[in-house]
Amino acid sequence: ASQDIAIDAYAVEVLRKEEQGAAVGARLAFYRAAMLVSGGVSITLASHIGWPAVNGLLAIVFVLMLALTWRSPEPETQPVPPATLRDAVWLPLLGMMRRPRALEILAFVMLYKFGDQLTQSLTRPFLIDMGYDAFHRGVAVTTLSVGLMILGTFAGGLVSTATGLGHALWIFGVVQIFSNAGYLLLAVLDRPDVGAMYGAIGFEALATGLGNGAFGVLLFRLTEKRFSATQYALFSSLFAVPRVLAGPITGVTVSAFGWPSFFLLTMALGIPGLVMLARFVPMGVREPTLDPGVAVASRRSPA
């Protein structure tokens with residue numbers, strides 16, 4: 001966790017504004033690749049060459065990463081470090097709360113992906129209940145979904161840079177809401193339809209990735225470079241809160257109302273995130289001004 005925080009802080013400090021969109025996609029792609037190598041690939045190799053050899057190979061990868069870290073660029077400007085431990089904790093919180101519409105921004109961070117998080121917490125149980133076999137579930141959830149999510153995140157980050165963060169957050173926020181309609185269709189079908197299942201999961205994964213790309217750029221923009229570690233960790237933690245709470249909520253809701261009503265609810269619960277978005281990025285605004293202490297001013301797209 002400490003290493004993750006340090007890497008996030010480094011990304012905030014070293015990336016230029018025009019690089020943030022591509023970096024969001026690259027970070028997710030390499031994270032997924034690392035999980036694949038350290039998980040499935042390592043287990044498969046261990047069955048052939050044994051765990052001592054696998055652990056030795058993974059250690060070599062760490063050595064290569066040390067060399068890469070050594071050659072990585074330093075930030076162009078070095079922020080002044082906090083003078084005391086109290087300043088290191090208190091000043092980032094104060095800076096975050098001094099932003100215009102700070103509470104609306106924090107609520108948005110928690111709610112923007114809420115509908116997606118509810119859906120994804122029960123994807124596998126839903127497919128089992130609908131009668132899809134293990135092979136198709138595995139291909140859809142672990143291969144198709146991951147691939148399209150990475151692709152969507154790359155695209156979402158690049159679109160955020162090209163068309164403006166404000167436009168991207170609105171477009172992808174709406175797309176995220178309607179992406180759950182595919183699951184609603186699966187829930188009301190009379191029998192399993194493999195083609196429809198792949199289409200629903202693929203569309204939802206792509207929409208999730210697009211939203212992740214724009215949302216990741218937003219987190220970079222919200223974080224002050226001088227408080228990169230603390231503020232980014234706080235925003236990431238707030239984003240994770242709904243995902244932690246999703247399990248109990250989804251289980252009770254499905255038991256009480258059934259799958260179709262559950263997916264309708266997830267679509268409805270995507271709307272509060274857009275309401276909070278409108279509070280600090282009104283529809284039609286290309287680039288929100290997110291610097292602390294600056295009035296909410298934005299550059300509107302030319303007519």
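**Helix packing**

I looked up helix 1 (residues 2–14) and helix 12 (residues 228–257): they pack at an angle of about 110°, their axes 8 Å apart. Axes are lines fitted to C-alpha atoms, for helices over the stretch in contact, and angles run from 0 to 180 degrees between N-to-C directions. Helices are DSSP runs (H or I, at least four residues) and strands likewise (E, at least two), numbered from the N terminus. So helix 1 is roughly perpendicular to helix 12 (65 to 115 degrees; under 35 is roughly parallel, over 145 roughly antiparallel, the rest oblique).

I listed the contact (heavy atoms within 4.5 Å). Helix 1 gives Ile5, Asp8, Ala9, Val12 and Glu13; helix 12 gives Ser228, Ala229, Tyr232 and Ala233. I sorted these residues into six nonpolar, one polar and two charged.

The model is predicted: local features need pLDDT of at least 70, side-chain atom pairs count only at pLDDT 80 or more, and totals for chains, interfaces and linings use all residues. Residues are numbered from 1 along each chain as its sequence is written, and side-chain values use heavy atoms, with hydrogens and water left out.

Next I took helix 12 and helix 13 (residues 259–268): their axes come within 7 Å and cross at roughly 135°. That makes helix 12 oblique to helix 13. Thr250, Thr253, Val254 and Phe257 of helix 12 meet Trp259, Ser261, Phe262 and Leu265 of helix 13.

**Whole protein**

I noted 14 helices and two strands. The C-alpha trace spans about 60 × 55 × 40 Å along its principal axes.

Key:
Ala, Val, Leu, Ile, Met, Phe, Trp, Tyr, Cys and Pro count as nonpolar, Asp, Glu, Lys and Arg as charged, and the others, Gly among them, as polar.
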